[in-house]
Amino acid sequence: MPADIDPSSAAASTDASAPSHLLQPASSVTSQSDFQSPSPPISQPTSQSTPPPNTAAESTHGVKLVFRGTAREYFPIWIVNLCLSLVTLGIYSAWAKVRRKRYFYSHTTLDDTPFQYLGKPVPILKGRIIAVAFFAIYWTTTNFFLSTLPWVLLAAAILAPWVVVRAAAFNARYSAFRNMTFDFNGSYWSALKVIYGWAVLMILTLGIGFSWWQQRIKRYMVTHYSFGGEAGEFTATGGQFFFTYFLAGLVMIGAGVVGGGLGFAILATQSRYGIWVGVVVIYAAYLLVFAMIRARLGNTIWNHTRLGAVGFRSTLGVRKLAWIYFTNALGLVASLGLLTPWAVIRTLKYRTENLEVLLQGDLSQFAGGGRTAVAATGAEMGEIFDLDLSL
Amino acid sequence: MNTLAMLTTTSVQVLYFAGQTPQGEAATLIWSERTAKLIGRRTDAQYAWSQLRVSPRVGSADRFIALPDGGQLQCADHALLDRLPQESRTEGVVAWLERQWGVALVSVALLVAGLVGGYFYGLPAAAEYIAPRVPMNYEQYLGEQSLTMLDNQALFRPTKLPAPMRQRILDDFHRLRADLPSASRLHLEFREATPAIGANAFALPGGTIVLTDQMALLTQSPEEVSAILAHEIGHVELRHTLRHVLQGSVAALVAATLTGDASGVGLVVTGLPVLLVQASYSRDFERQADDFAFDLLKRRGYSPAVFANVMERLERKRDDKTRKSTAQEQGAQSNPLSFLSSHPVTKERIARARAAAGVTSGN
């Protein structure tokens, strides 16, 4: 197993000197960045032309993602962002977003190299203004001009595929790893076909087709992502999605029966506090179901995604994730929100560190291409309307 | 790293990414007066300082130096990097702010003060200022729409009250609104409601007030109908619909900004603040409408105590419906969900009505 996540190397990179692997003699480091560094690195062959003898081309190396963010470090970033955003009536929020994204990206490392967020505040601000304008139209309609709501919804439906595609493209093209940006090349029409074509199927099957609809959308998203000229492959089936939703449905029905029954029983005999019992049981079930869908679907999606010679292994646990969500909720309520950085960081850390990158051969097959600019409007609309269909 | 060490540092270990493949090359960046030399096994290049762009400091993460030829260097954070041209000046300032714990503490204090002040004073005052300045037309249009919608959804049916009774209530209504600024907009509609709505009255935007048959039949005197109507007139006169929409949406917007980070990790609890704040504003409006009603009733020569009477009867009727148990007898104040309620606790409203009437509750 590689030495990339051993604690000493992580500790060394936090002091003012270079990360430990950078301090080794140059001759021993050539294959460090190829994810193929069996420990100890010093035992690596010194010649660059000879591949390491213990690394057969077909063998698979797993490298875990490491998240180095801490709540202590993120807290001031979060609070300064909030304060400046409120003081500037939201204008600063575009800069805040860059700052936040930068923090998360640059503290997520793979083989000791951080990811990089390249989004710029001004395009994000423009996108946000347009998104807010659209939201204002929607808000005014629902509040004051209900009769025109169908038209607004129709316009939104026509716009939705565009938002999805643009948001994915913005996020991909302004995310980089090792000086190479990701890419997303889905088009409006192809997205429209997937989203509405399969939605018809979902309606015809009275909702049972939801899993297959979602699977097609995920497949569409994954296969249109690319890195270094290699497009994503996606092999998860709708049946796998369905199984997770089926389990989630069972839990929810069970909780509804138990919580509702218990609540009414107490309500009828003792006091109004029966309401609380019902609320607590249903909330607990909701938490479990949410964690279940997040963990199981996350695992299904990542474990069936490939990017060229790179595969993934996701090992999220339902109970662990539910526990994190539950303690987050407790902490947020008890601290009146001041523990937000703590909740965000620990969730992100758990999710990141349960993702492993599996590499066959080396990374030389990925070839960098040119960068293309893309407006942030779609990404901001997607964010404000919660239209996140990305990975 | 102390100053002396910084000055004596002349080279930095870096990883060089040309941008063609995701493979890095270990290299050394050697500093001199105005240039930097990049020495790797396959690389030997020299750049002027002014050609380099350094990514902002963020936490303790490694930083990047963009090269003019599209290449990129990754290196550990280093004080020396601050002396190079920066990719973003503003972020440099912010990054400095983030490192001062005093700033963080002041920020927390400012945030709390701002939120508390905005919630108790700023937002209600702003809405109160704006509401009378917004033209009435759209609100009337909205009110008509709401009534049509309620009628169409079969929540309301045509009234079954006898015509003389309706005429009597209308006469009282006209007497109540007589000299009010909103008199010309105020308009009364009768409807029979579904059992789910039951005895109730609504002030729709624009000045239409709907009285359900059940409510009319619950009252035992013209004064009691007037008390109910006076409360609804209060909502219209004080522009509560508009103020509620204004305050509610600004509160939602601020809450969304504040909880945005935690939205994916907190589940439901991040929506809680908006719910609580909106419910609390709604209760404030009910109290204001009550006060308005007490005042109006007194001016028309009625005692606000009639409001208390009708509220008591309403409460009894609702409790009969929900089959009260002994624990509940202690009163609605023990309702565990009262903090989520859109209306103040009925007992409190009754007490306030009696206080306004100058009558102490005898029982």
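1. The model is predicted: local features need pLDDT of at least 70, side-chain atom pairs count only at pLDDT 80 or more, and totals for chains, interfaces and linings use all residues. Residues are numbered from 1 along each chain as its sequence is written, with chains lettered from A and ligands numbered from 1 in the order in which they are written.

2. In chain A, 10 strands close into a barrel, in the order S1-S2-S3-S4-S5-S6-S7-S8-S9-S10, with antiparallel pairing. Strands (E, at least two residues) and helices (H or I, at least four) are DSSP runs, numbered from the N terminus. Pairing takes at least two DSSP bridges.

3. Strands S3 (residues 113–117) and S4 (residues 175–177) of chain A pair antiparallel over three bridges. Phe115(A) stands opposite Phe177(A) in S4(A).

4. Helix H4 (residues 93–106) of chain A packs on the sheet and touches S2 (108–110) and S3 of chain A. Contact means C-beta atoms, placed from the backbone, within 7 Å. The direction of H4 makes about 160° with that of S3(A). Axes are lines fitted to C-alpha atoms, for helices over the stretch in contact; angles run from 0 to 180 degrees between N-to-C directions.

5. The buried residues of H5(B) are Ile169(B), Phe173(B), Leu176(B) and Arg177(B). Buried means 20 or more other C-beta atoms within 10 Å of the residue's own, exposed 12 or fewer, partly exposed in between, with C-beta atoms placed from the backbone. On the other side, exposed residues include Gln167(B) and Asp171(B).

6. The buried residues of H5(B) pack against strand S9 (187–193) and helices H6 (213–218), H7 (222–237) and H10 (272–299) of chain B.

Key:
Two residues are in contact if their C-beta atoms, placed from the backbone, lie within 7 Å.
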